[in-house]
Amino acid sequence: MVVVADPTARTLQLLELLQSSYQRTVAELAERLAVDERTVRRDVARLIEAGVHVESLRGRYGGYRLAPGRRVLPVVFSGEEAVAVFLGLAHAQAASGEPELAVQTALSKVKRAMRPDDAERIDAVLGTVTRGARHGDVVPDPAVMLALAEAVRLRSVVDLRYRNREGVPSRRRVHPYGLLAYAGRWYLVALDAEKSEERAFRVDRVRAARPLSETFDAPRRPDAAAWLVEHFADADYRWRILLRIRATEEHIRAHLPPSVARIERLDRTAEEAGESGPPLHRAEIHAESLDWIPAVIAALDCEVVIDRPDELRDRVKGAAARMLRAASVEER
């Protein structure tokens, strides 16, 4: 146990201990601070003099606790807690879409109150994770986020403990080069050293991340966000779907984002000849299920031709028949 000799630092540590529990005994505080009980009482007196309302509880299990609701306390966070608070506030700021004064001032205060090394770690995290298209809805363990962000920044090989979608655990040695949020999830883009292939790991499924002393060279393709979009579009799912869609790319992308479909312009010769009308595109979609495709085709509300698979044609015909029956039912 590290003995904190400086009275001010020890008093702040005492405040942190009181904040992290409903009640602390004098003996417990003395043990945690590595001082005698008399010193604990002096440090409590310092907190009271500073305006922190500390209640003294008598009896066999007596001790000290912070009185709730009296005033806003000078809350003390550990490094990982500060990171969690800061990332949570940053997430709220991004989700709102508009700058909120309360969130901005809170972010500024938390950042100023951090130790320099923790502030540097925060900068490393934010500098790494803000490249994604949107912020994640699932917030991973901040300690894991810190370890991965620092590994990305320092190009450190990481010993990764991971569980896949079925919950099967595995241990990987990875070269991480991207940490970003996409479609409501946080992802680590890394090279799996044993398999020599690039992978995307969901960070909320990472159970532990231990950076090693070994480092790696810069990846061939450093744009992790672009790789992740291509990864989702090219995923090895059950169905490979090809559609011909006559509409602008902007209109198609409103229903089929880059992570869902690859789009290729087909009729450039018509454009060069000066012919009018919406352009023709081919959309390639990899999907595990066909159930959602008919609804997307209907939402496109334009000319669509199904090139493959035949099973999708049957699904669309069935959906169209049900829609016709629904439209033809007379009121009773």
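Q: Among contacts in the protein chain between residues at least 6 apart in sequence, what share join residues at least 24 apart?
A: The share is 62%, where contact means heavy atoms within 4.5 Å. The model is predicted, so local features need pLDDT of at least 70 and side-chain atom pairs count only at pLDDT 80 or more, while totals for chains, interfaces and linings use all residues. Residues are numbered from 1 along each chain as its sequence is written, and side-chain values use heavy atoms, with hydrogens and water left out.

Q: How many helices and strands are in the protein chain?
A: The protein chain has 12 helices and 11 strands. These are DSSP runs numbered from the N terminus (helices: H or I, at least four residues; strands: E, at least two).

Q: What makes helix 1 and helix 2 oblique to each other?
A: The axes of helix 1 (residues 7-19) and helix 2 (residues 26-33) cross at roughly 130° and come within 11 Å. Axes are lines fitted to C-alpha atoms, for helices over the stretch in contact, and angles run from 0 to 180 degrees between N-to-C directions. Angles under 35 degrees count as roughly parallel, over 145 as roughly antiparallel, 65 to 115 as roughly perpendicular and the rest as oblique. Helix 1 and helix 2 are therefore oblique.

Q: Which residues of helix 1 and helix 2 meet?
A: From helix 1 come Arg10, Gln13, Leu14, Leu17 and Leu18, and from helix 2 come Leu29, Arg32 and Leu33. By class, this contact of helix 1 with helix 2 holds 5 nonpolar residues, 1 polar and 2 charged. Here Ala, Val, Leu, Ile, Met, Phe, Trp, Tyr, Cys and Pro count as nonpolar, Asp, Glu, Lys and Arg as charged, and the others, Gly among them, as polar.

Q: At what angle do the axes of helix 1 and helix 3 cross?
A: The axes of helix 1 and helix 3 (residues 37-49) cross at roughly 85° and come within 9 Å. That angle makes helix 1 roughly perpendicular to helix 3. Helix 1 contributes Pro7, Arg10, Thr11, Leu14, Leu15 and Leu18 to the contact, and helix 3 contributes Thr39, Val40, Asp43, Val44, Arg46 and Leu47. The residues of the contact of helix 1 with helix 3 are 7 nonpolar, 2 polar and 3 charged.

Q: Why does Ala27 count as partly exposed?
A: Buried means under 20% relative accessible area, exposed over 50%, and partly exposed in between (1.4 Å probe, protein chains only). Ala27 has 42% relative accessibility, so the label is partly exposed. Ala27 belongs to helix 2, and its C-alpha atom is 8.3 Å from that of Gly63, 36 residues apart along the chain.

Q: Why does Glu230 count as partly exposed?
A: Glu230 has a relative accessibility of 33%, so partly exposed is the label. Glu230 sits in helix 8 (residues 224-233). Val260 is 30 residues apart from Glu230 in sequence, and their C-alpha atoms are 9.0 Å apart.

Q: How do you know that Ser156 is buried?
A: The relative accessible area of Ser156 is 9%, which means that it is buried. Ser156 is in strand 3 (residues 156-163). Not counting residues up to four places away in sequence, Ser156 touches Ala151, Val174, Pro176, Pro211, Leu212, Glu214, Thr215 and Phe216. For the protein chain of 332 residues, buried residues make up 37%.

Q: Why is Ser196 called exposed?
A: Ser196 has a relative accessible area of 60%, so it is exposed. Ser196 lies in the loop between strand 5 (185-192) and strand 6 (197-202), and has a positive phi of about 55° although it is not a glycine.

Q: How do you know that Asp301 is exposed?
A: The relative accessible area of Asp301 is 68%, so exposed is the label. Asp301 is in the loop between helix 11 (293-300) and strand 11. Its phi is positive, near 55°, in a residue other than glycine.

Q: What kind of peptide bond joins Arg308 and Pro309?
A: The bond is cis, with omega about 0°. Pro309 lies in the loop between strand 11 (303-308) and helix 12 (310-328).
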